[in-house]
Amino acid sequence: MESFWIVLLGLLAAGYFALAGFDYGTALLFRFVGRDERERGRALGAMTPFVLGDEVWLVAAVGVLFGAFPRLEGELLSGHHGAFVTIVTGLVAFTAAVQLRGAAPVWDVPLVGGALAVAVGWGVLAADVTGAPAPLWIVGVVGLFSLHGGTFLAWRLPGRAGVRARALARSLVLPCLLFVPAAVLLAGPVARPEVGVGVAVAVVVLLLGAWVTSGRVAFCCTAIACALPVPAVFAAQDVVTAETMAGTGTLAVLVPAAVVVLPLVLLFQWATWWMVRVRHA
Amino acid sequence: MDPLDLARAQFATTTSFHFLFVLLTLGLVTLVAVMQTGFTLTGTPVLRRMTRFWGRIYVVNYALGIATGIVMEFQFGLNWSGLSTYAGDVFGAPLAIETLVAFFLESTFLGLWIFGWDRLGRWAHLALIWAVTVTAYASAFWVMVANGFLQHPVGYREQGGVLRLTDLGALVANPTVTAAFVHVVAAALTVGGVFVVGVSAHHFIRRTAEVDFFRRSLRIGVVTTAIATPFLVAAGVAQFKVIKTYQPDKLSVMGGLGAPLSSMMLIGVALVLASWVTLPLLARDAVVRMRFPLHLMVLGIPLPFVASIGGWVVREVGRQPWLVYGLMTTEDAVSPVGATGMLVSFLAFTGVFAVLGVADWVLVSRIARRGPEPESAPQPVSALATAL
C-alpha cells in the first residue's frame, strides 16, 4: 500500500518531466529552429496539441502529494518557497503565452521566459535538496529540457527546420553529459548515494543513445533522461517516506480514484498522440 | 503587512480570479454541449457553427483558467502548510480526488475534443464534450466538499495532534456542501447564460447578418438563465439556515459583510426578473425589435461575476478567524515563511494573474466581437491547434 503511493507519485512526476520537458524545450529552442515566422509557427504548432495534457501530469502529481503525503506537501512547498513560486509563475506565464502567441510575437517573451523560469525553478529545487551548487543544476535542467525539445522537433518537423533541430540537439548532448557526473560529485551528503549513481549512469547511457539514434527513438531516450533526475534526487535523499503519508482511511478512499483514472488518462493521451502522429515519415 | 496578511491577501486575490474563470468555463461548456447535442441529433449546420464559435471562447477561457487552477493547488502547501500538516488527511482527500478524477481527466478529454474535430465520428466527439462537462462539474463538486469541510468539519477523528479521515460519506453529505454546490452550479449556468445573451445582443445591436445564429444563441442563453436563476436564489437562501445551525458566529460577521451580501442578493433577484420578463418577448424576436433591452443585456454581462465574488467573500471572510471552523485558526495554519518571501510570491502571482485576466478579456472579446467564421473558411477551434 505504501509503496503503491510512492511509486505512483514517482510515475506522475516522471511523466510530467518526460512530457512537459519537451514543451519547455520547444519554447526555449523554437526561435533558433525556425528562421522565419512560418517555420517558428510550425515548430510551436508541433508541440501545442500536447500542452494541456502534459501540464496536468504535474497537477495530478501535486494532487497525489497533497492527498497521500499531506505532511510532506506542506513541508516541501513551504520549505522551498522561492523555487516553487518561480516554477508556478513560469508555468502560468508559459501556459498563457502558448495560447496567445498567435495574437502577437511579443508573447514570445513570456513564452520563452516562462519556460526558462520553470527550468530554473526545478534546478534550484534539485540543488536545494541535494546540496549541490544551484547554478550547476539550473544549467543542467535547462540543458536537458532544451535537448528534449530538440529531439522532439527533430522528430516532428520536416525539412530544414527538422535538420536544424537535430543539429541543436546534438550540440546539447555533450553539455548534458558533463552535467550528470558533476551533479553526483558536487552533491552534499545524501541518504542513499547508490540511487543517485545508478540513475546518473542510466541518464548517461540514455544521452549517448540520443546521440547515436534519431527520430522517435532519440526522443524516447531524452524523455527518460528528462524524467529521471528530479524524482531521483528525491529518492536519493529519501524525502518521500511512509511517515509523511496520510492515514489508511484517506489512502483507501484515494485508491479507487487513482486506479480508475490513470488507465483512462493513458488511453486518451495516447489517442491524442495517435491523432496527430507524424505523417511525413 | 505581516506574512499572515500577505498570505490572506494572496489567497483572496488568486481565488477570486480563479473563480471567475471557473464560472465561465462551467457555464459555457454546458451550453456548448447542449448545442453540439442539438447538431448531432438534427444535423442542422448552424448548430455546428454555434458549437464551434462558443466552443472557441470556452477553450481560451479554460486554457487560461487552468493556469490559475495550478496556482490554487500549489498555494495550500506554499502558504498554508499548517493546514496540510494538521488536516491534510481529510482536506487533502477531496482535493486529490478533484485533481485526479476531474482535472487530469477533464484536460485529457478536452485535448481530444479539440483535436478530434473532423477526425472523430460525430457521436464519439459528442461523447467527449459531455465527458468534459461531467468531469468539470465533478471538479467543482469535490472542491466544494473540501471547502465544506473547512466550514463545518465532519468525518474525522483527532489522533496524535492530527486529523484522520474516518468517513468520506459524511464529508460528501456535509450540509454546508449540498446547498452551496447547487448554488455554485446555478451561478455557473447563469454566468454562461448571461454571457451568451450579452454577446448575442451585441451582434444584434450591430445589425448582424447572422440573424439565425444569434437568435438561437440568445434563446438558449435566456432559457438557461431563466431556469438557473430561481435555483440560484433558492439555494442561496437555503444556506442561511445551514449557517445558522453550524456557523452561528458567521451571521454576526455577516453584519460587517453587508455590501457584498446585499449586492449579490440584488443581482440574483434582478436576473430572475429580467430573464422571466424576457422569455415571452422571445416570441417573434420582440426583444430584438424593441432594441433597448439589447443594451441592457450587454451591460448585464459583468453582473453575475460581481455577485459571485460577493458570494465567496461572504463564505470565506465569514469563516474567520477560523480556517477549519472551530478546530484551527487561520493564524495557526500560515507557513513559516518570511514577509519578503510572501510579498514576492504575492506580487508574482498577482502580476501574472493580472496578465492572465487581461489576456483572457482581450482574446475572448476579440473572438466574441468578430462573430462566427464564414462557413467556407473554418478556423481551428483553438489557437493550440493552429498547425493542423
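A salt bridge is taken here as a side-chain nitrogen of Lys or Arg within 4 Å of a carboxyl oxygen of Asp or Glu, and by that rule the structure holds 13 salt bridges over all chains. The structure is a predicted model, in which local features need pLDDT of at least 70 and side-chain atom pairs count only at pLDDT 80 or more, while totals for chains, interfaces and linings use all residues. Residues are numbered from 1 along each chain as its sequence is written, chains are lettered from A in the order in which they are written, and side-chain values use heavy atoms, with hydrogens and water left out.

**Confidence in chain A**

The pLDDT, which is the predictor's confidence in each residue on a scale from 0 to 100, averages 89 in chain A, where 98% of the residues score at least 70.

**The interface of chain B and chain A**

With contact meaning heavy atoms within 4.5 Å, 65 residues of chain B are in contact with 55 residues of chain A. The two chains bury about 5,200 Å² between them, 80% of it on carbon and sulfur atoms, where buried area is the accessible area (1.4 Å probe) that two parts lose on being put together, summed over both. On the side of chain B, the residues that lose the most area to chain A are B:Phe74, B:Phe104 and B:Leu384, together 15% of what that side buries.

Between chain B and chain A there are 10 residue pairs in polar contact, both residues being at pLDDT 80 or more; such a contact is a pair of N or O atoms within 3.5 Å, of which, within protein, one must be able to donate a hydrogen and the other to accept it, and residues adjacent in sequence count only if both atoms are side-chain atoms. The elements that give two or more residues to the side of chain B that touches chain A are α2 (45–79), α3 (81–115), β2 (162–165) and α14 (339–370) of chain B, and α3(B) gives the most, with 24 residues.

**Salt bridges**

Across this interface the rule finds one salt bridge.

| Pair | N to O distance |
|---|---|
| B:Asp89 and A:Arg71 | 2.7 Å |
| B:Arg52 and B:Glu373 | 3.0 Å |
| B:Asp212 and B:Arg216 | 3.4 Å |

Buried means under 20% relative accessible area, exposed over 50%, and partly exposed in between (1.4 Å probe, protein chains only). B:Asp89 counts as buried at 0% relative accessibility, and A:Arg71 counts as buried at 15%. B:Arg52 and B:Glu373 are buried as well. This pair links distant parts of the chain, with B:Arg52 in helix α2 of chain B and B:Glu373 in the segment after α14 of chain B, 321 residues apart.

B:Asp212 and B:Arg216 both lie in helix α7 (residues 211–246) of chain B, four residues apart, about one turn of the helix. B:Asp212 is partly exposed at 34% relative accessibility, and B:Arg216 is partly exposed at 31%. Both belong to a network of salt bridges that also links B:Arg215, B:Arg219 and B:Asp285.
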